[in-house]
Structure formats: structure tokens, C-alpha cells
Amino acid sequence: MFRHAVPSFFLGYILLAVASLHVEKTYHAAGASTQITIALLLSLFSGAATALFNYVCQRFLRRRMMASLMNERVREERLRHANISALTGFLCGGSTVFLLVSDLGLAVSTFLLVTLTCSHIRRFGRNMREMLKPNRYSMWSEVMRLVEIYVNIIASFTLINATLEIAHTTGLLAGKQFPFATGAHLFIDAFYYTVVTMTTLGYGDLTPVSAGAKLLATFECIVGYVMFALTVGIITRGVVTSDWPGEE
């Protein structure tokens, strides 16, 4: 569940933002009971879509990767993993609507994302420490695990940047954090800004405004540069093509 939490939150936020484009006017014009109904429907839609996406990815798209291990035990393990991924997707994807309707939800959302980000960074460091041992060649599965963590970190920082700006628009934070657009475009700007920051491209078209946002951008630059450089270094050091003895 830990591995799929951040991607599920990310996809849930995107689905919620897209769906809200079609119901935003209706939601604000409706009464309290209708607003609750709309929020529940959005939650079910976001959760179900995220769960389906996770299940399909884990159950079918990874089949080729597991082709050399297609025995009964692995099939059962893959089915269990797909079910856990779907459950995580439903819980995380569906909960995003409730995290956006109140200041307390935003605070809880930001705290969870920061915790998950720190956990992924720690996980990256633990894997890297093992892979950098003398006379040790890494396997492609280990390299892909590092790439997976890197993608999770990008998604985490995207959501953190977005929630900070949402906190400003809702009045939870007094000062503006980032010059992002509003509505669904906010997440597009947050994703673009995070990728540009973590890859140290620094186009300068979107820049942090508050002191806290500037410190966060500095941290994102350092984390992105170190993770990318270490991953490339592991690959250039030499990678074993198979995890299993006797395979080439």
C-alpha cells in the first residue's frame, strides 16, 4: 500500500480536478445536501477510476515482466498485489475530494504527503547504500526500483506544491506561494514546475513567491539532482541483466 499511495493520490487529484470542471458551477449554486451528494459522487468516481487503473497496471501490464516466473505461486502473488493496489487506489483516490473541502483536510493532506515524501527519500537512501557496496553489481530490477521511487518523489512534490497554493486560495495561508493557475490548470502548473525544478532546468517562468516556497524549491533541487546523479552513476557502474541465476 505504501508503494501505491502517492501515485494514487496524484491520479485522484487529477481526476478530481478534471471532473470538477464540469460540476463546479452546479456545486456552488446547489444547497448543502446537493453539495454533499456531488462530493460523494466525485469521491466514488475518483476512487473507482484510480482503483481500476492500479488493478489493470498490476494485473496485466506487468505480465511480460513476470513471464519467466509464471507459476502458480507467482500468479497468486500478482493477484494479491493487484488487489492491494486497487484497494489503495480506491482509498487514496476517493479521499482526495474530502481533503479539498476544508482547511483541516488540506492540512492533513499536506502532512501525509510530506511524510510519504520523507519515507520515499529514506527508502531511496537505504537502497542506494546497499547498491554502492564495493564489488557489487546492481540488477535491473533494483535500478527500476530507484526509478519508481524517483517518479514517486516527483508526484509527491507536485502534490505538496499544489496543496500549498490551494491553501492560499482557500485562506489557510495568508501569502501566495506559487504563481500557479486556478482550477484544473493548477495541477498542470504544479507538475510542470516540479519537473523543471527537480531536473534543475530552471526556466524561470514559474518561480516560488513566499520564503517557505523558496526553501521547498531549494530542497527539491537538491533531492532531484542527487537522486538523478546517483541513479545514473549506478547504471554506468555496471548492471546485471538478470535477477536469476543461469539467465542472460
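**Ground rules.** I worked from a predicted model, where local features need pLDDT of at least 70, side-chain atom pairs count only at pLDDT 80 or more, and totals for chains, interfaces and linings use all residues. Residues are numbered from 1 along each chain as its sequence is written, and side-chain values use heavy atoms, with hydrogens and water left out.

**Helix α6.** I looked up its length first. α6 has 14 residues and reaches 20 Å from its first C-alpha to its last, close to the 20 Å expected (1.5 Å times one less than its number of residues). Helices here are DSSP runs of H or I, at least four residues, numbered from the N terminus. Its buried residues include Leu 186, Phe 187, Tyr 193 and Met 198 (buried is under 20% relative accessible area, exposed over 50%, partly exposed in between, with a 1.4 Å probe and protein chains only).

**Thr 200.** I then checked the loop between α6 (185-198) and α7 (211-237), where Thr 200 lies. Its phi is near 55°, a positive value in a residue other than glycine. Most residues other than glycine have a negative phi. Thr 200 counts as partly exposed because its relative accessibility is 41%.

**Cores.** I listed the nonpolar cores (buried Ala, Val, Leu, Ile, Met, Phe, Trp, Tyr and Cys joined through side-chain atoms within 4.5 Å). The largest has 41 residues, and Phe 187 and Met 227 are among those with the most contacts inside it. α5 gives the largest share, 14 residues. Another core, of six residues, lies apart and includes Ala 19 and Val 97.

Definitions and conventions:
Helix = DSSP H or I, 4+ residues; strand = E, 2+ residues; numbered from the N terminus.
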